[in-house]
Amino acid sequence: MMTLNELFGLEGRIALVTGGSRGIGKMIVEGLLEAGCARVYIVARKKEQVDETSAELGDKVVGLVGDLSQMDGIQTLADELASREDKLDLLVNNAGAAWGEPFEKFTEAGWDRTMDLNVKTPFFLTQKLLPLLKAAGTQERPAKVLMIASIDGMKSNPWPTYPYQASKAGLIHLTRRMAAELVGHNIIVNGIGPGAFPSAMNRAARDNEDMVKKGIPSRRVGVTEDMAAGAIYLLSRAGDYVVGTTIPIDGGVVNANIGAGNFVDPAGD
């Protein structure tokens with residue numbers, strides 16, 4: 001039987017976390033470092049945020065600036081990583097967008113940005129990084145791709161975030177399809193569906209915690225350890241036999257929300 005460290009450790013792994021400078025992405029980066037990753041690349045659009053997080057988390061974090069909402073930005077990131085590394089063990093597709101407007105006034109710009117960043121970007125970034133992932137993956141130690149979806153892709157909520165909810169549901173199904181495609185290359189694809197975690201995107205959980213937690217069966221919002229633990233499980237040896245699955249990490253909102261009272265939907269990643 002393996003030791004706990006052998007099951008859950010990530011010693012020596014090279015990882016990339018998109019949107020890793022803040023929120024859930026940063027929580028996952030902190031977990032990867034604690035689990036022993038040798039290097040964690042983070043990418044985000046705002047240089048000041050990337051620099052601040054890299055400086056805060058230490059020398060094992062390498063900050064890159066890029067806009068992944070367009071194909072040229074995706075290709076630029078893939079080229080940059082290939083110039084620095086000969087393999088990529090772990091890819092966390094976390095970067096995302098949310099947009100809410102009344103149904104009658106919803107704009108094409110908001111729709112396109114949300115759908116592109118939440119669905120198109122994870123697909124094409126994984127595609128462009130496939131050579132590095134294949135170079136890392138073996139049957140004994142497969143490479144891993146982790147999609148950060150949302151519980152909004154598993155259940156509807158009352159907010160007018162139409163493309164966000166649709167895109168996260170699409171990402172969950174895309175996770176299944178990509179898992180079937182890539183497992184033959186020793187690359188395992190899974191997902192996480194976050195619930196209420198405080199972040200700039202999820203201002204309700206950040207700024208109105210007491211109200212939000214009333215609608216969560218566990219009666220609290222998520223913390224860094226909750227997200228880090230879920231990511232480490234799926235990215236480590238412990239999760240090698242889990243393929244194409246999206247796990248809600250939400251305090252019970254999706255699966256245990258009977259009689260939870262007036263629920264204020266987290267709608268964040």
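Guide: Contact means heavy atoms within 4.5 Å. Leaving aside neighbours within four places in sequence, Ala 136 is in contact with Lys 87, Leu 88, Asp 89, Arg 141 and Ala 143. This is a predicted model, in which local features need pLDDT of at least 70, side-chain atom pairs count only at pLDDT 80 or more, and totals for chains, interfaces and linings use all residues. Residues are numbered from 1 along each chain as its sequence is written, and side-chain values use heavy atoms, with hydrogens and water left out.

Visitor: Why does Ala 136 count as buried?

Guide: Buried means under 20% relative accessible area, exposed over 50%, and partly exposed in between, using a 1.4 Å probe and protein chains only. Ala 136 has 8% relative accessibility, so it counts as buried. You will find Ala 136 in helix α6 (residues 130-136); helices here are DSSP runs of H or I with at least four residues, strands are E runs of at least two, and both are numbered from the N terminus.

Visitor: What makes Thr 175 buried?

Guide: The relative accessible area of Thr 175 is 1%, so this residue is buried. Thr 175 belongs to helix α7 (residues 162-182). Beyond its neighbours within four places in sequence, Thr 175 touches Met 147, Val 189, Asn 190, Gly 191, Gly 244 and Thr 246.

Visitor: Met 147 stands opposite which residue in β6?

Guide: Met 147 stands opposite Gly 191 in β6.

Visitor: How do you know that β5 and β6 pair?

Guide: Two strands pair if DSSP finds at least two bridges between them. Strand β5 (residues 143-148) and strand β6 (residues 187-194) have six bridges, in the parallel sense. They belong to an open sheet of seven strands, in the order β3-β2-β1-β4-β5-β6-β7, with parallel pairing.

Visitor: What makes β3 and β7 the edge strands?

Guide: Each of these, β3 (61-65) and β7 (246-249), pairs on one side only. From one strand to the next, the twist averages 20°.

Visitor: Which helix lies across β1, β2 and β3?

Guide: That is α4 (residues 71-84), running at about 145° to β3. Helix α10 (residues 224-235) also packs on the sheet, touching β4 (90-93), β5, β6 and β7, and its direction makes about 160° with that of β6.

Visitor: Why is α2 called roughly parallel to α3?

Guide: Axes are lines fitted to C-alpha atoms, for helices over the stretch in contact, and angles run from 0 to 180 degrees between N-to-C directions. Angles under 35 degrees count as roughly parallel, over 145 as roughly antiparallel, 65 to 115 as roughly perpendicular and the rest as oblique. The axes of α2 (residues 23-34) and α3 (residues 47-57) come within 12 Å and cross at roughly 25°. That is why α2 is roughly parallel to α3. Lys 26, Val 29, Glu 30 and Leu 33 of α2 meet Thr 53, Glu 56 and Leu 57 of α3. By class, this contact of α2 with α3 has three nonpolar, one polar and three charged residues; Ala, Val, Leu, Ile, Met, Phe, Trp, Tyr, Cys and Pro count as nonpolar, Asp, Glu, Lys and Arg as charged, and the others, Gly among them, as polar.

Visitor: And what makes α2 oblique to α10?

Guide: The axes of α2 and α10 come within 8 Å and cross at roughly 60°. With that angle, α2 is therefore oblique to α10. Among the residues making the contact are Ile 24, Met 27 and Ile 28 of α2, with Met 227, Ala 228 and Ala 231 of α10.

Visitor: Why does Asn 186 count as partly exposed?

Guide: Its relative accessibility is 28%, so Asn 186 counts as partly exposed. Asn 186 sits in the loop between α7 and β6, and its phi is near 60°, a positive value in a residue other than glycine. Most residues other than glycine have a negative phi.

Visitor: What about Arg 219, and why does it count as partly exposed?

Guide: At 45% relative accessibility, Arg 219 counts as partly exposed. Its place is in the loop between α9 (209-212) and α10, and Arg 219 has a positive phi of about 60° although it is not a glycine.
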